[in-house]
Amino acid sequence: MSPILFTVQDGVGNITLNRPDKLNAFNRDMALAMQQSLDQCNADPSIRCVYITGAGKGFSAGQDLAEIVAANAPSMKQILHEHYNPIVERIRQLPKPVLAAVNGVAAGAGANIALCCDIVVASQAASFIQAFSRIGLIPDSGGTFFLPRLIGWQKASAITMLGDKVNATEAERMGMIYKVIPEEGFASATWQLARQLAEMPTHGLALTKQALNNSFTNHYKQQLALEDHLQQQAALTHDYREGVSAFLEKRTPQFTGH
Ligand code: T3D
């Protein structure tokens, strides 16, 4: 069974984490296959949104703990350098929106890979666990970077140290995720959201993502200068011209992504 299912439909690259009997825990094969799928999403111009979800009842339980005690287990250095960091980097640098549809439990690296996506929606059945402290590790996959920025330092500090299980409603309330979606119809509602993103001005969304990425480290004046620079680029796109024309002509815009 392939650890990642990858399909392209309606302008959306669908990456499904596929080790359902292990709650889609990441082993090396899965981490490398996910990187390959993200590269395909980057290279294929017909893909204008990436949708990431889990098969079965979980999203991902993070690192496969059986793998790290097996004979010829990858080292911790390999796990971070070759598995998780390249996934997070690809998601953040991909010039297309990435939607995480968290269908069930997301723990450890599984939680933080979801949380580095551009938009995170979760089923009522989902939960988020910074499980690292339970086994003596620190949060990786960008957790110590994204979490305090999403929910504030105090909440981030408490949930990473205590390893609390945060349910989807609470995650939405604290700003960790965008929205909770009812369990019934979760797959179709989230797919619809991905299709909506795929029909939007893709290049403009990529520039928005670039601006947001830099807002983590830029100060105010640098960010104003960056907005100035990126807005000049957005103004050159077909989709900008189309958006304005469609508004003035009182019709639905037809965006091409360029
Ligand atoms: O060296 C390193 O570790 C470096 C990498 C670090 C990155 C990380 O992600 S560290 C964090 C690793 N993840 C965890 O510690 C979470 C471990 N899992 C759990 O705590 C629980 O499974 C959950 C809270 C996520 C869900 O609980 P529950 O009761 O819904 O499910 P379950 O019964 O525990 O799990 C179902 C099956 O999945 C079970 O298999 P079995 O017994 O039916 O054959 C369980 O062993 C398996 N499973 C769940 N998580 C993992 C896993 N197998 C391997 N690795 C897992 N992480």
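**Entry 1: the two domains**

I began with the spacing of the domains: the C-alpha centres of domain 1 and domain 2 lie 26 Å apart. The model is predicted, so I note that local features need pLDDT of at least 70, that side-chain atom pairs count only at pLDDT 80 or more, and that totals for chains, interfaces and linings use all residues. Residues are numbered from 1 along each chain as its sequence is written, and side-chain values use heavy atoms, with hydrogens and water left out.

I looked up the bounds and found domain 1 at 4-198 and domain 2 at 202-249; they come from an automatic or database domain assignment.

**Entry 2: the interface**

I checked which residues touch. Domain 1 gives 14 residues to the contact and domain 2 gives six residues, where contact means heavy atoms within 4.5 Å. I then read off the buried area between domain 1 and domain 2, about 840 Å², with 56% of it from carbon and sulfur atoms. This is the accessible area (1.4 Å probe) that two parts lose on being put together, summed over both.

I found one salt bridge across the interface of domain 1 and domain 2. By definition this is a side-chain nitrogen of Lys or Arg within 4 Å of a carboxyl oxygen of Asp or Glu. Asp118 and Lys209 form a salt bridge, with their closest N and O atoms 2.8 Å apart.

On the side of domain 1 that touches domain 2, I sorted the residues into eight nonpolar, one polar and five charged. For this sorting, Ala, Val, Leu, Ile, Met, Phe, Trp, Tyr, Cys and Pro count as nonpolar, Asp, Glu, Lys and Arg as charged, and the others, Gly among them, as polar.

**Entry 3: the ligand**

I listed 22 residues around the ligand, of which Lys22, Ala61, Gln63, Leu65 and Ala109 come nearest; a residue is near if one of its heavy atoms lies within 4 Å of the molecule. I looked at backbone atoms next. A polar backbone atom of Gln63 is 2.8 Å from a nitrogen atom of the ligand, and one of Leu65 is 2.9 Å from a nitrogen atom of the ligand. For Ala109, I noted 2.8 Å between a polar backbone atom and an oxygen atom of the ligand.

**Entry 4: salt bridges**

I counted nine salt bridges by the rule. One that I looked up pairs Arg195 with Asp10, the closest N and O atoms being 3.6 Å apart.

Terms used: Polar contact = N/O pair within 3.5 Å; in protein donor to acceptor, adjacent residues only side chain to side chain.
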